[in-house]
Amino acid sequence: MPAVNLNLLPRPEIDPSVDHEIQAIVSGALVGETCNTDLAAGPWNFDERPGYGPGSSMGDVIPTGAPRQGELPLEYREASEEELDARIRAAKETLGDRLVVLGHFYQREEVVRHADYVGDSFQLANAALEHPDAEAIVFCGVHFMAETADMLSGPEQSVILPNLAAGCSMADMADIDQVEECWEQLEEVYGDMDAQDADGLVPVIPVTYMNSSAAIKGFVGRHGGIVCTSSNARTVLEWAFERGRRVLFFPDQHLGRNTAKAMGVPLERMPMWNPRQPLGGSSEEALADARVILWHGFCSVHRRFSVDQISQARAEHPGVRVIVHPECPMEVVDAADEAGSTDYIRRAIEDAAEPTTFAIGTEVNLVQRLAAQNPQHEIFCLDPVVCPCSTMYRIHPGYLAWVLERLVAGEVVNRIEVAADVAEPARVALQRMLAAKPPAGRVEKSGVPA
Ligand code: SF4
C-alpha cells in the first residue's frame with residue numbers, strides 16, 4: 001500500500017477561537033487544560049479587582065495606580081456572541097471612514113474579525129497614520145499601544161482603548177520613578193552621563209522596548225536613547241553602541257539578552273538591574289564592565305515556554321520546525337530552530353513551500369489563527385496548556401460594541417491621551433528608531449539567530 005501523506009488530506013475546519021476552546025475545556029466537551037477556568041467568564045467579572053485578570057500574567061504584581069475600567073452596561077454583558085457581532089458590524093457601517101479599528105495579533109478572534117488592520121503594536125500605530133481623517137482610532141490591544149497610537153496620530157483624533165484595564169504586565173515592570181532612580185544611581189557610578197570619552201562615546205544609551213509606557217519612551221528620548229521592537233532590536237542596539245559605551249535595556253530582559261548574545265556580547269557583561277535592590281543588585285565592577293544592563297522585566301506569556309516543551313515536540317513530531325519569540329528565555333531560544341518577532345513567525349509559516357509541522361512559542365490566539373489560515377501546515381502552540389495573555393483577554397466584543405455604539409451616539413469613551421511634555425521626547429525616541437538602519441550589507445530579518 002502506498003504511503004499516505006496525512007498533511008495533504010483534507011482536514012476538518014479549524015476553529016481559530018481560543019475562547020471557544022477554553023469554554024469547551026471548562027464545560028468538559030473537550031479534553032484539554034487551561035491555566036484558569038475563569039477565562040471562560042466575561043472579563044467584566046474582574047474589572048473591579050486589582051489584578052491583571054485570569055491568564056498568563058495573573059501572578060504578576062499590578063501597580064497601585066493602574067487604570068480601572070468602570071462597569072460595562074448590562075446589555076453588553078448579557079448579549080450573545082452573535083448579537084454583539086451584529087451590533088459591532090452595524091456600528092462600524094454607520095461610522096464608516098470616521099473610524100479605524102486596530103487589532104493586535106494576540107487579540108481574541110471574536111474581536112480581531114472586526115479589525116481593519118491586524119498586526120503587532122508598531123504596525124498598527126503605522127496603520128493609524130494612514131488614516132489622518134479618521135475621527136476615532138479604536139485600538140484593540142493594550143494600554144502602551146494606544147499611547148503610541150495617540151502620540152503618532154493627529155491632535156483631533158481620539159484613540160480609544162475599549163477596556164481601560166487592558167494594561168501590559170511587562171510594560172508595568174518598568175515604572176518611570178524606578179527608571180529615574182536607576183539613572184541617578186548609574187550617574188554615581190559612571191559620572192557625567194553626557195560626557196563623551198576618547199572614542200566619542202557617552203557612558204550609557206537607554207533603549208526601551210516598544211512594550212513600555214509613554215513616560216518611559218519620553219525618558220529615553222530626553223537622555224539620547226531610542227525605542228526598539230522585536231523586529232529591529234539588533235539594528236537599534238547597533239545604533240546605540242555607535243553612540244554609547246553600554247546600553248541600559250528595558251523592560252524585557254529576555255529580548256535584550258537574546259539580541260545582545262546573538263551579537264556576540266558575553267553573558268557576564270550583561271548584569272541584571274533589579275529596581276528593588278541598591279545598584280540593581282550588581283557591583284560597581286560589574287556595572288563598569290557591562291555592555292548591556294538588563295532591566296528585571298519579562299513577559300509572563302513568553303516565560304511559560306520551556307526547553308522540555310521543545311524536547312517533547314521534537315519527540316512527538318520528528319522533523320518539527322520550532323520557532324519562538326525572542327521574549328522567551330535564552331535557553332528556549334537556544335533550543336529552538338529559529339527565534340523572531342510575531343511578523344517573522346507569520347512570514348516563516350506563509351513562506352514554507354512544503355507542508356510542514358510547526359511548533360510555535362508565542363501567544364496562543366496568534367498560533368491558533370495561523371493554524372486556521374494555513375491548513376496546508378500542521379501548526380500548534382508549544383505550551384499544551386491554553387493560557388492566553390491576561391491583558392489582551394480584557395478586550396471582549398462587549399467592550400468593543402459599547403465604545404462603538406457610544407461613538408455612534410456622539411460620545412467618546414475610554415480616550416487615551418498622552419501629555420504633550422511626555423509625548424514630545426517620546427516621539428524623538430520613536431523617530432530615532434525609524435531612522436536607524438542596519439549596517440550596509442546586513443538585512444534586518446526580524447529574527448534572532450538561534
Ligand atoms: S503578551 Fe506579554 S508583552 Fe504582550 S501584552 Fe501580553 S503581557 Fe504584555
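Ala, Val, Leu, Ile, Met, Phe, Trp, Tyr, Cys and Pro count here as nonpolar, Asp, Glu, Lys and Arg as charged, and the others, Gly among them, as polar. With that in hand, let's start at the ligand. The shell around the ligand divides into eight nonpolar residues, five polar and one charged. Of these 14 residues, Cys168, Met170, Cys299, Val301 and Cys389 come nearest; a residue is near a molecule if its C-beta atom, placed from the backbone, lies within 6 Å of it.

A word on the model itself. It is predicted, and local features need pLDDT of at least 70, side-chain atom pairs count only at pLDDT 80 or more, while totals for chains, interfaces and linings use all residues. Residues are numbered from 1 along each chain as its sequence is written.

Next comes the interior. In soluble globular proteins, nonpolar side chains tend to be buried together. The largest nonpolar core in this model has 130 residues, and those with the most contacts inside it are Leu102, Ile137, Val138, Phe139, Val207 and Ile226. Such a core is a set of buried Ala, Val, Leu, Ile, Met, Phe, Trp, Tyr and Cys residues joined through C-beta atoms within 7 Å. Buried stands for 20 or more other C-beta atoms within 10 Å of a residue's own, exposed for 12 or fewer, and partly exposed for anything in between. Helix H16 (residues 397–408) gives the most to this core, with seven residues; helices are DSSP runs of H or I, at least four residues, and strands are runs of E, at least two, numbered from the N terminus.

Two helices can be viewed as a pair here. Helix H5 (residues 121–129) and helix H6 (residues 143–152) pack at an angle of about 35°, with their axes 9 Å apart. The contact is made by Ser121, Leu124, Ala125, Ala128 and Leu129 of H5 and Met145, Thr148, Ala149 and Leu152 of H6. By class, that contact has seven nonpolar, two polar and no charged residues.

Finally, consider two loop residues. Phe46 sits between strand S1 (33–34) and helix H2 (74–78), and it is buried because 20 other C-beta atoms lie within 10 Å. Met263, in the loop between helix H10 (253–262) and strand S9 (272–273), has 16 such atoms within 10 Å and is therefore partly exposed.

Note on methods: Axes are lines fitted to C-alpha atoms, for helices over the stretch in contact, and angles run from 0 to 180 degrees between N-to-C directions. Two residues are in contact if their C-beta atoms, placed from the backbone, lie within 7 Å.
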